[in-house]
Amino acid sequence: MTNTSRRPSVLLLIADQLRGRDLHCTGNESVATPHIDALAARGVVAERCYANAPVCCPSRATIFSGRYSMQHRVIDNDLPIPDDVPFFAQPLRDAGYHTGYIGKWHLDGMPRSKFTPPGPRRHGFDFWAAYNCHHDYFNPRYYRDTDELVTAEGYEPVVQTDLAVDFLNTLPADDPFCLVLTWGPPHDPYDQVPEEFRAHYREHRPTLPANTDTTIPDIEDIYADYLAAITALDTEMGRLTAALDELGRLDDTIIVVTSDHGDMLGAGGWTKKQLPCEEAVHVPFVVSWPSGLPAGERRDGLLSTVDVAATLLDLTGVPAGFATDGTGRADLLRDGAPGAEEVYLEGLTRFDESVAAGKPEWRGIRTTRWTYAEAVGRLPWLLFDNDADPLQERNLVADPGHADVRSDLAARIEEHLHRTGDPFVPTASMVELLGLTELWEIREREMGAIP
């Protein structure tokens, strides 16, 4: 029996590096995601959700804080988020929610093995079974409330889901909760997936998207393993919904399935992320809350990861108590109200794979039709008409016939630069401006970029 008198609970599920198009319910017929599809049938699919900063740490900081990178200051991977940046878990905890965090954290700087102690560095999460960052999915590890490393056997998402089910089973029956569970897959290494799932996709070869560069070594196997990891996660999603149903909490729990960013996977010859292209910035956003949202609805209004914190607080009815750059989009989910006019996209720094691949610092805009991006120096770089060219195969940035469009979108970027206090300067200048030089040198040394 569902208790309708308590505030709704929150279960936020973040898969690392999952593209928005790659659930069965979001259009990929080659992938099996029956449990997430069932959530979509019981809830709402926001079809135009975008990661403002498409790389792990900046995006996670934006999701949890509702701030752009200049405000939360996590401008690249492996920089720690300042203790005084509030997360949405804090007002929920203050309102009586049991808060918990399980999985990849990646917001405490270097080293990646760092223990995050109880207190302000956990930003409102009381229950803790997390590890700063690793991608060794058959060697699960996490910390609780001491610096003693806990290790386990098996596939890490299974272990993490076990921890989540245990958390749910220990809660008082009438108390609301906020649990964030962040799985590592389908982030590479792509082959770290249980063999039963890999074997299925090797036998039933998925069709590569038409804009995939098939000269990239092993791209067919990579894509198959990537989809296998998604199906493996979907199995864990089924375990979570079953646990909530058994506890009588399924109807009054807001379940969100999303991602921190996507993965190019060979589209246009690119790999990984750190680009304003659709494969990198478009993320899934599936929300189920049977007692508060309609069932089986699709929304095409724009929203982005900077809106997630405010939207969750809107849905729960808990005031934020702190400033956000995002907007609560509860009305979009409930009623199909208009979304954002545009999504602001950020690539504030060059590091690691973007350096290796020659990706510049950039800023961009995604509207319902256009994607436009500039490289550092306000140099026009990319312009795609997503209605006419959904695979973004034709860069129109130098086309004189689109000069007016480019000018309008450049002016919108200018407004966002002014609003966020972003000077749009090269990486070294940005690091110095924000007083991050020492932390930057530590991360560069740890990552082998400098001796």
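Thr 116 touches Trp 105, Asp 108, Arg 121, Arg 122 and Trp 128, leaving aside residues up to four places away in sequence; a contact here means heavy atoms within 4.5 Å. This is a predicted model, in which local features need pLDDT of at least 70, side-chain atom pairs count only at pLDDT 80 or more, and totals for chains, interfaces and linings use all residues. Residues are numbered from 1 along each chain as its sequence is written, and side-chain values use heavy atoms, with hydrogens and water left out.

Thr 116 lies in the loop between strand S3 (98-104) and strand S4 (127-131); helices (H or I, at least four residues) and strands (E, at least two) are DSSP runs, numbered from the N terminus. At 3% relative accessibility, Thr 116 is buried, where buried means under 20% relative accessible area, exposed over 50%, and partly exposed in between (1.4 Å probe, protein chains only).

I turn to helix H1. Its residues are 34-42, and the buried ones are Ile 36, Asp 37, Leu 39 and Ala 40. These lie on the same side of H1, because they cover an arc of only 155 degrees around the axis, taken from the directions from the helix axis to the C-beta atoms. On the other side, Pro 34 and Ala 41 are exposed. The buried residues of H1 pack against strand S2 (44-50), helix H7 (219-246), strand S8 (253-259) and strand S10 (285-288).

Finally, Gly 347 belongs to strand S12 (residues 343-347) and is buried, with a relative accessible area of 10%.
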